[in-house]
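Try each task with the structure in view before you read its solution.

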Amino acid sequence: KGQFAQSWYDQDGATGDAPEEDSQAMSFSIEGRPFDVSPVWFGHTADLRLGGQYDRVGTYFQSLANNGLAGDRDAYTAYGNLYWGALATNLQYVYETNNVDDLEAVPTDSLQNLSLSLNYTFDPLTDGFEWLGTPNVYLSGFVAEMGRVDTPAGYLGPDTDNLTTSLTLG
């Protein structure tokens, strides 16, 4: 799947001094299933999906159709989803940078994010416990590291060096 868009943006309108900026956004993704026929492991059918995606949104890209789109980013994503019986898992890695137009006065930062989720759904409860529904157990977590790739000469802004981790069990 692929998408491409271009925008022309003039921050101060036709009467101002700032030049009109043109910018592009694009997204390409691919997903596949490595098995023609879903394998059966220990009596349960398995479904494995692997995929990747590339997203690039220019520094000055603006969209009326999607005004919440984060601009100035270049992102590569790889992921895998496994569904096996009552177990569902997801593993995803994202590498993202900013300053995609290589502006001289702007630093370039990177973000790496590795996330994992596991979910197991039990059979629906019976014998007077139907009102409790279908119980499930889940575990999810991520590690995100942000760092500076390039600092321009004379840049006086803050440095970037962050590490965030999270683990949730429910």
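**Exercise 1.** Find which residue R148 meets in a salt bridge, and say where the two partners lie.

*Solution.* Step 1: start from the cut-off, since a salt bridge is a side-chain nitrogen of Lys or Arg within 4 Å of a carboxyl oxygen of Asp or Glu. Step 2: the side chain of R148 meets that of D159, at 3.8 Å from N to O. Step 3: this pair links distant parts of the chain, with R148 in strand 8 (residues 136-150) and D159 in the loop between strand 8 and strand 9 (161-169), 11 residues apart. Strands here are DSSP runs (E, at least two residues), numbered from the N terminus. Step 4: D159 is exposed, with a relative accessible area of 62%. For that word, buried means under 20% relative accessible area, exposed over 50%, and partly exposed in between (1.4 Å probe, protein chains only).

A note before you go on: this is a predicted model, in which local features need pLDDT of at least 70 and side-chain atom pairs count only at pLDDT 80 or more, while totals for chains, interfaces and linings use all residues. Residues are numbered from 1 along each chain as its sequence is written, and side-chain values use heavy atoms, leaving out hydrogens and water.

**Exercise 2.** Work out which strands pair with strand 8, and in which sense.

*Solution.* Step 1: two strands pair if DSSP finds at least two bridges between them. Step 2: strand 7 pairs with strand 8 in the antiparallel sense over 14 bridges, and here Q112 has E145 in strand 8 as its bridge partner. Step 3: strand 9 pairs with strand 8 in the antiparallel sense too, over 9 bridges. There, M146 has N162 of strand 9 as its bridge partner.

**Exercise 3.** Is R56 buried or exposed, and with which residue does R56 form a salt bridge?

*Solution.* Step 1: R56 forms a salt bridge with D101, and their closest N and O atoms are 3.3 Å apart. Step 2: R56 belongs to strand 4 and D101 to the loop between strand 6 (87-97) and strand 7 (108-121), so the pair ties together parts that are 45 residues apart in sequence. Step 3: R56 is buried at 17% relative accessible area, whereas D101 is partly exposed at 33%.

**Exercise 4.** Which residues are linked with R49 in a network of salt bridges?

*Solution.* Step 1: the network links E31, R33, D47 and R49. Step 2: within it, R49 and E31 meet at 3.6 Å, N to O. Step 3: R49 lies in strand 4 (residues 44-57) and E31 in strand 2 (residues 21-32), so their pair ties together parts 18 residues apart in sequence.

Conventions. Helix = DSSP H or I, 4+ residues; strand = E, 2+ residues; numbered from the N terminus.
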